[in-house]
Amino acid sequence: MTKEILIFAEVTRDNYIHTVFFELANKAQELANKLENAEVNALLISKPGLAEEYKEAFINSGINKIYSIEDLRFETYCTDYFAKAAIDVIKEVKPEILLIGATNQGRDLAPRISTALHTGLTADCTGLDINEKGQLAATRPTFGGQLMATILCKNMPQMASVRPKVFKPAEKDIIKPTEIIYKKVDLENIPRCVELLEFQKKLTNSINELDSAEIIVAGGRGLKNTEGFALLKEFAKKIGAAVGASRVAVEMGLASHEMQIGQTGKTVTPKLYIACGISGAIQHTIGMDKAEKIIAINNDPNAPIFEIADYGMVGDAFEILPELIKYSFKTDM
Amino acid sequence: MKIVLCVKQVPDTSDIKWTENNTIQREGLESIINPYDVYAIEAALKLKRSYNDIEITALTMGPFQAVDMLKKIIAIGVDNAILLSDKKFAAADTYATGKTIGTAIREQVSNFDLIICGQFAIDGDTAQTGPSIANTLNLPQVTYVQEILNYENNTITVKRELDDGTEIVKVTLPALICVLKDYFEPTRAKINGIIKAQNTEIRTLGFDDLTLNAEDVGLKGSPTYVSKAFRPAPKEVECKLCENCQELAEKIKICGGLND
Ligand SMILES: Cc1cc2nc3c(=O)[nH]c(=O)nc-3n(C[C@H](O)[C@H](O)[C@H](O)COP(=O)(O)OP(=O)(O)OC[C@H]3O[C@@H](n4cnc5c(N)ncnc54)[C@H](O)[C@@H]3O)c2cc1C
Ligand SMILES: Nc1ncnc2c1ncn2[C@@H]1O[C@H](COP(=O)(O)O)[C@@H](O)[C@H]1O
C-alpha cells in the first residue's frame, strides 16, 4: 500500500490557500522521497467550489490527491466542525504523517485532531526529516529556544505543526496529475457552541506588514521614548521597511503587540533585519535570526546581538538614525 | 460560576545554565509560574470581581514543590487548589497531560462551568494542552482569548486576538478558553490573602485517586518521545563593525538591495 503524507490546506478568511501550505508541500516532497515515494496529499475543508477553483495551484505543488470536504457550514473556521471533518477523513485514509501550519487556525485545530486520534503532535517544528527507521523526526526549539529537541511519535499519524516561513515553497512547479476526491461528513450531531459575533479586520499598512516585508527595522529599549520610535519610523519609511519591536519596547508602550518579534511575538524572515537598541536576548532572536542579513546598532559593544549580526555599528541610535536618514537610498521618494 | 484554572510551574528559561555535556543544568533552576498562566489567573480574578458567586479552583500537575506556587495563587484571591502529583504522571507529553488533567477535572470538580488555561507554557511552548483537555472532556474551546467581555445566561463573550484581526465570540458553557494578553498590572497578595493561603489545605491527588490506566499517563501514556536533545548551533558569522554612518549606510544599501 502506498504511504501517504497528508497536509492540511488551510483556507484563510478571505478564501485563499494559506502560503504555509505550499511551504509544507515542498518539504513533504523531500520527506516522501525518503519514505518509499509516499504520496503527498492535501486535506481541504472549505465552502463548496474551492477544490475546483484552486486545483491548478495543487497540481503545481506536487499534490497527488486533494481530499475535499465541502459544505456551506465551512465558510468560516469553527473548531468543532473542522475537527469532526478532519478526524473522519484521517481515520479513513490513514496517513503516515499529517502536517499542519502553526497558524492561529492550525494551532487551534491540530491538538483537537491529535487528541481525538490518540496520537502525538510536535508543535512549531523547525526541522522535519525521516530517520533510518522511516519515522518522522521532528525537531523543535524548547526552553525558550535554548535547547533543540528531536521528537518521534509512536502512533499514527505522526503529526507536526510548522510556523509559516520556516520552510520555503518550491522554486519551480512540481507538476502532478492531481485528483480531487470528495468526502462527505455528517455534522448533524455536532452542537455549535461557539458563535462568531463580529470580526474586525486588522488595518494594515506597509508599516506593520512584518510578514511580507523584505526589510524590517526593529527597535528596543535603547530607543527609550516615542521620539526614538519616531526616528525609527522615519528611517523605516525612507528605506521602505516595516517596523518591528522587542517585547520591552512593546511593554513600554512604544509599539503595539502586533509589532513584537520573538518567542511570544512574530517569526520573521526578511532579507535584511536592522536591530536598533535591541540587546539580542534569545527570546527575541529566535524570531528573527533566519533573516538573510542582520545589521545591529547598539551603544554596547558587548551586546549579544552583535554575535548574530553580519554588520553593526557601536553608537547612540539617537545620533546614528538621524545621520542615516540623510543618505539617499533607492526607494527615496 | 465554577472556574478551573490550569497553571503550570516552569523553569525560568531566561536563566539557563549548561553542564559540561551541553545539557541543561536542572539543579538550582528557578521555577516560576508560566507567564501566560498569570494572564489566566487575572482573567479569572476579573470575573470574580465583576460577578457574584464565582468560585475559582487552581489546578496544576507537577512535582510536590508546586504547592508553593498554588499557595501564592490563593494568596491573591483564588479560592482553592488541587495538585496532581505522582511519579506515574512524570514525563507526560501534551496528550497524556491533557488526558490526566481532563480526567481529574471531570472526576474531582463537580459542575464546573469554565476552564481557563494559558495559551502556551514557555518551557514546552506547544499551546496544545488546553485543546487537549477540551477534547478529553468533549468541551467547546476558544483559543487566543485576550479578554472576557461578558458573562450571562450560561454563556461568555470573549475577544480573540488573531493575526488577521479581532474576533468577538460567544461560547456556551461549560467551555475551555486559552488566554493571551499583552500587558497588565498583576494582582498583588494582600495580608489577609496570605493568611488564608497559609491556612488552606491544598488537595493533593495521585494516580490512585483517578480512574486512569497506567498506560494512559506519564511517559507510558505519551505518544511522543524525545530521541535527542542538543544545543542549537551558533550562527557562524563574524560581525563586521562599521566606523561611521557612511559605511553603515553602504552596508544597508547592499544588504537591502537599495543601491541607486
Ligand atoms: C517567556 C518570555 C518570552 C519573551 N518573548 C519575547 C519576545 O517575543 N520578543 C522579545 O523581544 N522579547 C521577549 N522576551 C524578553 C527578552 O528576554 C528580553 O527581555 C527583551 O527582548 C529585551 O528587549 P530589548 O532588547 O529591547 O531591551 P534590553 O535587553 O534592555 O536592551 C536594550 C539595548 O539597547 C542598547 N541601548 C541603550 N541605549 C541605547 C542608545 N541610545 N543607542 C543604541 N543602543 C542603546 C543597550 O545597550 C541594550 O543592548 C521574552 C521573555 C520571556 C521570559
Ligand atoms: N502540568 C500542567 N498543569 C496544569 N496546567 C497545565 C500543565 N501543562 C500545561 N498546562 C496548561 O496548558 C497551557 C498550555 O501549555 P502548553 O501546551 O505546555 O504550551 C498552560 O498555559 C496551562 O494553562
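A polar contact here is a pair of N or O atoms within 3.5 Å; within protein, one atom must be able to donate a hydrogen and the other to accept it, and residues adjacent in sequence count only if both atoms are side-chain atoms. Everything below comes from a predicted model, where local features need pLDDT of at least 70, side-chain atom pairs count only at pLDDT 80 or more, and totals for chains, interfaces and linings use all residues. Residues are numbered from 1 along each chain as its sequence is written, chains are lettered from A and ligands numbered from 1 in the order in which they are written, and side-chain values use heavy atoms, with hydrogens and water left out.

**View 1. Ligand 1 sits between chains A and B.** An oxygen atom of this ligand is 3.1 Å from a polar backbone atom of A:G277. Backbone N or O atoms also come in from A:R247, 2.9 Å from a ligand oxygen, and from A:I261, 2.8 Å from a ligand nitrogen. On its own, ligand 1 has 990 Å² of accessible area, and the protein covers 85% of that (Shrake-Rupley method, 1.4 Å probe; for residues, only the protein chains shown count as cover).

**View 2. Here is the shell around ligand 1, made up of 28 residues.** A residue counts as near a molecule or strand if one of its heavy atoms lies within 4 Å of it. The closest are A:R221, A:S246, A:T264, A:S279 and A:H284. Sorted by class, the shell has 8 nonpolar, 15 polar and 5 charged residues. For that sorting, Ala, Val, Leu, Ile, Met, Phe, Trp, Tyr, Cys and Pro count as nonpolar, Asp, Glu, Lys and Arg as charged, and the others, Gly among them, as polar.

**View 3. Ligand 2 has 20 residues around it.** B:C6, B:D37, B:A121, B:T126 and B:T129 come nearest. Look for side chains this time: a polar side-chain atom of B:D37 lies 2.4 Å from a ligand oxygen, and an N or O atom in the side chain of B:T129 is 2.7 Å from a ligand oxygen. B:N34 puts a polar side-chain atom 3.2 Å from an oxygen of ligand 2. The protein covers 97% of the 480 Å² of accessible area that ligand 2 has on its own. Strand β4 of chain B gives the most to this shell, with 3 residues, and the shell's classes come out as 9 nonpolar, 8 polar and 3 charged.

**View 4. Two cis peptide bonds, one from each chain.** In chain A, the bond joining A:M156 and A:P157 has an omega of about -10°, and A:P157 is in the loop between β8 (147-153) and β9 (158-162). In chain B, the bond from B:L173 to B:P174 has omega near 0°, with B:P174 in the loop between β9 (165-172) and β10 (175-179).

**View 5. B:Y144 and B:N153 have positive phi values without being glycine.** Phi is near 55° for B:Y144, which lies in strand β7 (residues 141-152), and near 45° for B:N153, in the loop between β7 and β8 (155-162). B:Y144 is buried, with a relative accessible area of 5%, while B:N153 is exposed at 71% (buried means under 20%, exposed over 50%, partly exposed in between; 1.4 Å probe, protein chains only).

Key. Helices (H or I, at least four residues) and strands (E, at least two) are DSSP runs, numbered from the N terminus.
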